[in-house]
Amino acid sequence: MIFRHIPVLLKEVLDLVCIKREGTYIDCTVGEGGHSEAILDIIHPKGFLVGIDCDESVLETAKERLGKFAGSFKLVHDNFFNIIDVCNRLDIKAVDGIILDVGISSYQIDDPERGFSFNKDGPLDMRMDQSSDLTAQSLINHASYDELTKIFFEYGEERYSRKIASKIVSERNKRPIQTTFELVSTIKKAIPLRRYRIHPATRVFQALRIAVNNELRNLSDAITDGFSLLKKEGRMVVISFHSLEDRIAKNKFKGFKIREQAKIITKKPLTPTEEEIDKNIRSRSAKLRVIEKTQ
Ligand SMILES: C[S@@+](CC[C@H](N)C(=O)[O-])C[C@H]1O[C@@H](n2cnc3c(N)ncnc32)[C@H](O)[C@@H]1O
C-alpha cells in the first residue's frame, strides 16, 4: 500500500506519550493511520486504540493499514470535538493517552478535487468532512465583505485582507468564483505581488480552510474534553502546524497547570530535526506539545 502522508514527529510522540502495552489510546486525527499504526505495534493485542477522523474517505485507507491489528482498534467517523460522545458510545470511561495531529493530511491536500491547494485547480471545497454543508465556495460567494476581511485577517494574518475581500466581492458580482485557480487569480489582482515571499494565496487559503472547518474552536473543545477523559498520569500530545493552533494548545495547557491539574512535559514546543525536514518537507512547521494529568 502507498500512503501519501508521512507521520510527523513519530518517535517523539511514541516516547513522550509513554505508550503502555495494556493502555487505551485515542488518536483524534487518525488520517491514513501513521501514528495509529506505530501505537498499535506496541499495544496489540493487549491495549486498545480508538481512531477518529472526520474525513470518511481517509478512514478506508486507515482501515486497510490497521487491519493486521484486528480486535485492538475501532475507527470512528466523527469530529474530534465529540470525543466524549465517541467514548460514551464505546463505553470507554478514561484513557491513557490522546493524540491530536491537527490540520490537513497529504491525502487531502494532494487531491485537487478537495480544493485545499492553491497549486492545483479544482472546486473550491476545503471541507475535511465531506458530509458537512459549508464549503469554501459558499463562503467566498456569500460571506459579506466584513466577514471575509475578518476571516483573512484573523485566521490568515493577511495584511491585505481588505483589498482581497473587496476584489472578491467585485469579481463575484460579475460571476461566481468557483475554483481554486479563479480564487488565486482574484487574489493576485488585489495585491502588490512583489511584496510576497510566499505564494500570495497561502494565507487566504489557510484562513478559508480554518473557517470552513471551524478548526480553532474544534481544537479548543477537543483539548478541554480530551483532558477530562485522561487517567491520572495520562498524557495528551498536540501537533500543530500554525501559530494560532499552537497558541491554543499552549494556553489550554497553561490553564490546566495553573489549576494544578497537570504538568507540562514540553516546556518549549518540540520541532522536527533537520533530518526529518529533509525527508518530509511538510513537517517543517510542526510544533509538538505534551501535557500529563496529575490528578
Ligand atoms: C495531519 S492529518 C493526521 C495524519 C495522521 N496522524 C497520520 O500519521 O497518518 C490530520 C487528520 O485529521 C483529520 N481532522 C482534522 N480536523 C479534524 C476534526 N475536527 N475531527 C476529526 N478529524 C479531524 C483530517 O481529516 C486529517 O485526516
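A polar contact is a pair of N or O atoms within 3.5 Å; within protein, one of them must be able to donate a hydrogen and the other to accept it, and residues adjacent in sequence count only if both atoms are side-chain atoms. Keep that in mind as we look at this predicted model, where local features need pLDDT of at least 70, side-chain atom pairs count only at pLDDT 80 or more, and totals for chains, interfaces and linings use all residues. Residues are numbered from 1 along each chain as its sequence is written, and side-chain values use heavy atoms, with hydrogens and water left out.

Let's start at the ligand. One of its nitrogen atoms is 2.8 Å from a polar backbone atom of Phe80. The backbone of Gly34 also takes part, with an N or O atom 3.1 Å from an oxygen atom of the ligand. At Thr29, a backbone N or O atom lies 3.4 Å from a ligand nitrogen. On its own the ligand has 610 Å² of accessible area, and the protein covers 98% of it (by the Shrake-Rupley method with a 1.4 Å probe).

Now widen the view to the shell of 23 residues around the ligand, where His35, Asp53, Phe80, Asp101 and Gln108 come nearest (a residue is near if one of its heavy atoms lies within 4 Å). This shell holds seven nonpolar, eleven polar and five charged residues. In this grouping, Asp, Glu, Lys and Arg are charged, Ala, Val, Leu, Ile, Met, Phe, Trp, Tyr, Cys and Pro are nonpolar, and the others, including Gly, are polar.

Next, step back to the whole chain. It is divided into domain 1 (10–107 + 215–293) and domain 2 (111–213), with bounds from an automatic or database domain assignment. Their centres, taken over C-alpha atoms, are 29 Å apart.

How do the two domains meet? In domain 1, 15 residues are in contact with 14 residues of domain 2 (heavy atoms within 4.5 Å). Between the domains there are two salt bridges, each a side-chain nitrogen of Lys or Arg within 4 Å of a carboxyl oxygen of Asp or Glu. The side chains of Asp55 and Arg114 form a salt bridge with an N to O distance of 2.9 Å.
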